[in-house]
Amino acid sequence: MSIASTNRMTPYLFLAPAGLVLAFALFYPICYMIYASFLDWNPSQRIGEAEFVGLRNYFKLFGDDAFRESMGVTLKFAAVVVTIEMFLGVGLALLLDRNIRGMSVLRTLFILPMMIAPIVVGLMWRYMYHPTVGIFNKTLKSWGFDGIPWLSDGSWAFASVVIADVWQWTPFIFILSLAALQSLPASAIEASKIDGASGWQQIIYIKLPLMLPVLIVTLLLRLIDSFKVLEVILVMTNGGPGLSTEILSLRINRTASEFRELGEAAAMSNLLLIVLLILTFTMFIYNKAQDARAARLRAVEEEV
Amino acid sequence: MPDIRLQNLRKDYGAVNVIENLNLDMADGEFTVLVGPSGCGKSTTLRMIAGLETVTGGQIMIGDRDVSKLEPKERDLAMVFQDYALYPHMNVAKNMSFALRLARMNKSDIETRVKEVAATLDLTAYLDRKPAELSGGQRQRVAMGRALVRDAGTFLFDEPLSNLDAKLRGQMRAELALMSQRIKKNMIYVTHDQVEAMTLGDKIVVMKFGEIMQAGTPEELYRSPANKFVAGFIGSPTMNFLTAELVEEGGTLSAKGQGFAIPLPDARKASLQAHKDRQIHLGIRPSSFAEGPGGLKMPVILSEYIGAQSVLISELGGERVAIEVNTVAPIRAGETREFTVQGDEVHLFDPKTEAAL
């Protein structure tokens, strides 16, 4: 082999270990899962003993009301939490984007919820929502109101898990928005003041449009994450009451461990994966489009 | 268009005092240039007038209205920023019409106005482009256009030409001068470039360390600088400074230094009596030297040929001096030439206070 071609190979040589790890840790399980989704497979069987049933698991899912409801809960959950979190996170960032003493401490405090392990967050909220000893109902009762069935009523339970998720993940949007805000060109905002823009007009016409690229990526990241949420809800409600908070990842978990239908669980996982892939590709394409646009602008500028 | 008055203006950043007590009157329709080295407070002053910086003390009067506590939009002004400050997500037309749209002017009026201004600035072909798709000079013109479409009473410029290359800067300077002739409005222009100040300003305000060193017409500043700082700041090439002593010989007062003596006109004798036999600083503009017989013999150390003029670097009284002469025939380094200096063209400064004598 010539020296030149050896040199060309060098980067691939360095990439090879990572590639191997990826192949075993990512592609192998995915292929395994895809294959498993075509089987009627009980956990007591070895994979070789399971019966191949083709697309039957998928057809069964589409006819399964519980699965459809679970999918619905997941979509509703994702839409609701991400919407609320975006409004709160961006709003807080706009509010706190100023130099007040102690602001750095405040900012750090805001980020804390994100750093707590999801299981702990779940337990914490479960205790706070406890019908008799939880802080919410105790407070309500001490003010003379009736307690609220936070986790035992279907619609309240959904609201409760939404509140917990909003509490934990709003800071994520807050810090990304704040970073975006602080990197905006200061003089453009000053120019808008001179042009006569009020505080609101500055936000609507200048700040938000300029933050948009960051906000879109943030939104997609949060959306992807919210489809995968499991532990907090598992600990708080375990999907109940009824199916009111049974999001897809919980359903998958139950199908595999409780109903002992590994094939069906795999089929569900695949469907969830497809949803996530669509979101990820949207983000990927969006980023590509941004890069292409930037490159085109640079080219135009160099031309003149 | 009202006149603008700054009264006892003060600005502190925390414990740091940037401007202590600034007083300045700008007449109606006047083009005022604030000029000075960086850190002299000129931009801060402009930003206080704009309302982008709070005023620590004193007042800014526009006409008989105290605007020092008002929001920028209530002050009736337009501003051009150093980095242009265009809105990156809006095209040229939207950038220029932003203020008018906020003011809820009707659409067809906005369109005519924008087109009119775009035509005068040569921007008609670019109205649909975003700022990132424009060259530096074009962006500069959009920034100018954005200020011009508004019929504001006062225009503020914060070093608008400093991001352009030398050639473009010259062009834009001329365009600006034409524009200010056409629309007689209050203009306040901040720059660190004394050439811009001299060519554009009706009035120049030279600042240093938050204080006004001198305010006056370009000619006043050039002909009779109030102090050594202004003398050194205004004029290019820079004024030469030499140390000398005021002596009286045979009834004539002259500035005598190491190897030279320049007789001063009798008219200045009375005012200089108090400084007789004392050390002074002597300022001579490079253009005040005239080549001729019977003058000071000076060696040519370096000759910079610029075209019609040459700048010679020479030595006088142990100091480097620059001499500007018309190039008749190129002068070579190493020659010795004779130069005379007219006594009424030299400037004298007190060595302690640096004030002009």
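What distance separates the centres of domain 1 of chain B and domain 2 of chain B, taken over C-alpha atoms?

**View 1. The two domains of chain B in the predicted model.** The centres of the two domains are separated by 39 Å. Domain 1 spans residues 4-227 of chain B, and domain 2 covers 240-349.

**View 2. Helices α7 and α9 of chain A where they cross.** Helix α7(A), residues 154-182, and helix α9(A), residues 199-227, have axes that come within 9 Å and cross at roughly 150°. The crossing is right-handed. From α7(A), the contact draws on W169(A), F172(A), I173(A), L176(A), S177(A), A180(A) and L181(A). On the side of α9(A), the contributors are K207(A), M211(A), V214(A), L215(A), T218(A) and R222(A). By class, nine residues of this contact are nonpolar, two are polar and two are charged.

**View 3. The contact between chain A and chain B.** Chain B supplies 20 residues and chain A supplies 18. On the side of chain B, the elements giving two or more residues are strand β6 (77-80) and helix α2 (92-102). That side of chain B comprises 15 nonpolar, two polar and three charged residues.

**View 4. The open five-stranded sheet of chain B.** The strands follow the order β13-β12-β11-β14-β19, with antiparallel pairing. Strands β13 (260-263) and β19 (346-349) form the edges, each pairing on one side only. Neighbouring strands are turned against each other by 40° on average, direction ignored.

**View 5. Pairing of β14 with β19 in chain B.** Strand β14(B), residues 279-284, pairs with β19(B) in the antiparallel sense over four bridges. G283(B) has H347(B) of β19(B) as its bridge partner.

Conventions: Residues are numbered from 1 along each chain as its sequence is written. Chains are lettered from A and ligands numbered from 1 in the order in which they are written. This is a predicted model: local features need pLDDT of at least 70, side-chain atom pairs count only at pLDDT 80 or more; totals for chains, interfaces and linings use all residues. Domain bounds come from an automatic or database domain assignment. Axes are lines fitted to C-alpha atoms, for helices over the stretch in contact, and angles run from 0 to 180 degrees between N-to-C directions. A crossing is left-handed if the near helix is turned anticlockwise from the far one by less than a right angle, and right-handed if clockwise. Two residues are in contact if their C-beta atoms, placed from the backbone, lie within 7 Å. Ala, Val, Leu, Ile, Met, Phe, Trp, Tyr, Cys and Pro count as nonpolar, Asp, Glu, Lys and Arg as charged, and the others, Gly among them, as polar. Two strands pair if DSSP finds at least two bridges between them.
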